[in-house]
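Q: I've just opened this one and would like a slow walk through it. Could you start with whatever term I'll need along the way?

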Amino acid sequence: MLSSALNAARSGLAAESLRVEVAARNIANASTEDYVPQRVEQTALANSDGVSATVRPVAGPQLYTAGTQVDLVKETTTLFQAQAAYKANLAVIAAVDNMTDGLFDLFDNDRSERV
């Protein structure tokens, strides 16, 4: 169970890092002519060990301000969402670490009582 939680959090961290990278690239290219923005699609893995993240172009022409296809509000929102999800995944890792420490403490106490 603990390894599943760590795998899920690890893949979540990787997916959120990719979301930040893609959002930053979209923002940086907002004024680039003919730039097609991208999105990160996350898919839950069948074995419940996290997510898979894939970068895909945004489908269809969507012109926003000044003729760009990049929605700066959406990209900024994506950055905030990725930050919150990244923190949540770090909290999962910290919780697993605390549970593992507690488990080791139980074994250490049990061993010292036998001696």
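A: Let me begin with a definition: a residue counts as buried under 20% relative accessible area, as exposed over 50%, and as partly exposed in between. By that cut-off E41, at 41% relative accessibility, counts as partly exposed. Please keep in mind throughout that this is a predicted model.

Q: OK, so which helices and strands does the chain have, and in what pattern?
A: The secondary structure comes to two helices and two strands, and, read along the sequence, these follow the pattern α-β-β-α. Helix α1 spans residues 2-28, strand β1 covers residues 38-44, strand β2 covers residues 51-57, and helix α2 takes in residues 72-114.

Q: How much of it is buried?
A: Buried residues make up 21% of the 115 residues in the protein chain. As for the surface, the chain exposes about 7700 Å², and carbon and sulfur atoms supply 58% of that area.

Q: And what share of the contacts is between residues 24 or more positions apart?
A: Among the contacts with a separation of 6 or more, residues 24 or more positions apart account for 55%.

Q: Back to E41, where does it sit and what does it touch?
A: E41 lies in strand β1, and, once its neighbours within four places in sequence are left aside, it is in contact with S52, A53, T54 and R56. There is also a C-alpha to C-alpha distance of 6.3 Å between E41 and V55, although these two are 14 residues apart in sequence.

Q: What kind of link does E41 form with R56?
A: E41 and R56 form a salt bridge, in which the closest N and O atoms are 3.3 Å apart. Because E41 lies in strand β1 and R56 in strand β2, the pair ties together parts that are 15 residues apart in sequence. R56, with a relative accessible area of 41%, is partly exposed.

Q: Why would two side chains pair up like that?
A: As a general point, side chains of opposite charge can pair when their charged atoms come close.

Q: How many salt bridges are there overall?
A: The structure holds four salt bridges. One of them joins R39 and E75, with the closest N and O atoms 2.7 Å apart. R39 lies in strand β1 and E75 in helix α2, so this pair ties together parts that are 36 residues apart in sequence.

Q: Which residue does E16 pair with?
A: E16 forms a salt bridge with R19, and the closest N and O atoms of that pair are 2.9 Å apart. Both residues lie in helix α1, where they are three residues apart, or about one turn of the helix. E16 counts as buried at 5% relative accessibility, and R19 is buried too, with a relative accessible area of 17%.

Q: Switching to loops, what can you tell me about D49?
A: D49 is found in the loop between β1 and β2. Leaving aside its neighbours within four places in sequence, D49 is in contact with S4, N7, A8 and S11. With A8 the C-alpha to C-alpha distance is 4.9 Å, even though D49 and A8 are 41 residues apart in sequence.

Q: What about D34, which loop is that in?
A: D34 is found in the loop between α1 and β1, and at 68% relative accessibility it counts as exposed. For background, most residues other than glycine have a negative phi.

Q: Last topic, the surface: which residues gather in a patch of negative charge?
A: That patch brings together D97, D101, D105 and D108. D108 lies in helix α2 and is partly exposed, with a relative accessible area of 43%.

Q: Which residues make the nonpolar surface patch?
A: L103, F104, L106 and F107 make a nonpolar surface patch of about 430 Å². One of these residues, F104, has its place in helix α2.

Notes. Residues numbered from 1 in each chain as written. Predicted model: local features only at pLDDT ≥ 70, side-chain atom pairs only at ≥ 80, totals over all residues. Heavy atoms only, no water. Patch = residues over 30% accessible without salt bridge, like charges linked within 9 Å, V, L, I, M, F, W, Y side chains within 5 Å. Areas by Shrake-Rupley, 256 points an atom, 1.4 Å probe, with all protein chains shown as cover. Salt bridge = Lys/Arg side-chain N within 4 Å of Asp/Glu carboxyl O. Lys, Arg positive; Asp, Glu negative; His and termini not counted. Charge placed at Lys NZ, Arg CZ, Asp CG, Glu CD. Helix = DSSP H or I, 4+ residues; strand = E, 2+ residues; numbered from the N terminus. Buried < 20%, exposed > 50% of the residue type's maximum accessible area, 1.4 Å probe, protein only. Contact = heavy atoms within 4.5 Å.
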